[in-house]
Each structure stands twice: as C-alpha cells, then as structure tokens.
Amino acid sequence: MKSVRRSLGFLFLAACLLASCGTKPTVRIVGPDGAPRATVRVEVAASEPQRETGLMYRNHLEEDAGMLFVFPAPSHQAFWMKNTEIPLDMIFADSRGRVIGIVRNARPYSKTLDAVAGDHRPLVDAGHHIPG
C-alpha cells in the first residue's frame, strides 16, 4: 500500500450516506479549502455486535473501502487489531465530523489499544493510507 506521511492538518470528514440511492455509503474527506482528499466506500457498524466484530477475520479490503463505526454519543474510544489480518488506517472524528487524529498502518493481530486524544463519534477504518 502506498503511504503518504504528510500531516493531515485540519481535515473535515463528511459522511455521505447514499444507501437510499442503492449504493454503498461513502465517507468523503476534504481539506479546509474544500478540496477532496479521499473517498472511502464504507460498511456502517452502528450496533454493539457490529462494532465488536469490525473488520476482524477479513483477509482483504479494497483500496477505497473501509468501515464507519458509529457510536450513540461522543466518547473516547480505543481499538485493537486482534483477529484483524490486514493493516488499517484509523481515522477519528469529533461530533462535527472534523478529523481529530489518525492511527496510520495499525499492525495486524496487535492487542495494543490504538486511540487518539479527545472524544470522538464516528471512526473510519480505511483499507488505504489517507493522503496528507
């Protein structure tokens, strides 16, 4: 996977849920200037069982695919990669959709908790590295 290690600065995460159009929901990441940085097709993990399983046991994830973890209220969350076979970027956003941090290239099978500072609401696990 191609890795771009530049700072993301002040990016905004705009979730465009297109389920009513018959397509997979997408998350679009744009910079403060409004320029698109990435678009990720997502599966939505809104229930406790869906969030607990996440992307575990998958051996492949398309380059533009990921999972959006939706929580009922903003809170500090930490995630591990136990039983997750593929490296992922974890993108944490606050309740306004603003990116507050990224865990890049999380190590498969790791039991180390990955998190960023602050309370957040959605989290996107992406199958590719988000450009800076």
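Predicted model: local features only at pLDDT ≥ 70, side-chain atom pairs only at ≥ 80, totals over all residues.
Visitor: How far apart in sequence are the parts that the pair ties together?

Guide: Helices (H or I, at least four residues) and strands (E, at least two) are DSSP runs, numbered from the N terminus. Arg 58 is in the loop between helix 1 (48-53) and strand 4, while Glu 43 is in strand 3 (residues 36-45), so the parts tied together are apart in sequence by 15 residues.

Visitor: Arg 51 also forms a salt bridge, with Glu 48. Is Arg 51 buried or exposed?

Guide: The closest N and O atoms of the pair are 3.1 Å apart, and the two residues, three apart in helix 1, are separated by about one helical turn. Buried means under 20% relative accessible area, exposed over 50%, and partly exposed in between (1.4 Å probe, protein chains only). Glu 48 is partly exposed at 45%, whereas Arg 51, at 14%, counts as buried.

Visitor: Which residue's side chain does Asp 94 meet in a salt bridge?

Guide: Asp 94 is buried, with a relative accessible area of 11%. The N to O distance is 3.2 Å, and the partner is Arg 96.

Visitor: Which residue takes a positive phi in the hairpin of strand 5 and strand 6?

Guide: Strand 5 (residues 88-93) pairs with strand 6 in the antiparallel sense over five bridges; pairing takes at least two DSSP bridges. Ala 93 has Val 99 as its bridge partner. Five residues lie between the strands, and the one with phi near 90° is Gly 97.

Visitor: Which residue's backbone nitrogen does the Ser 110 side chain reach?

Guide: Ser 110 is in the loop between strand 6 (99-106) and strand 7 (123-126), and is buried at 5% relative accessible area. Not counting residues up to four places away in sequence, Ser 110 touches Trp 80, Met 81 and Lys 82, a contact being heavy atoms within 4.5 Å. The backbone nitrogen reached, at 3.0 Å, belongs to Thr 112.

Methods
Residues numbered from 1 in each chain as written. Heavy atoms only, no water. Polar contact = N/O pair within 3.5 Å; in protein donor to acceptor, adjacent residues only side chain to side chain. Salt bridge = Lys/Arg side-chain N within 4 Å of Asp/Glu carboxyl O.
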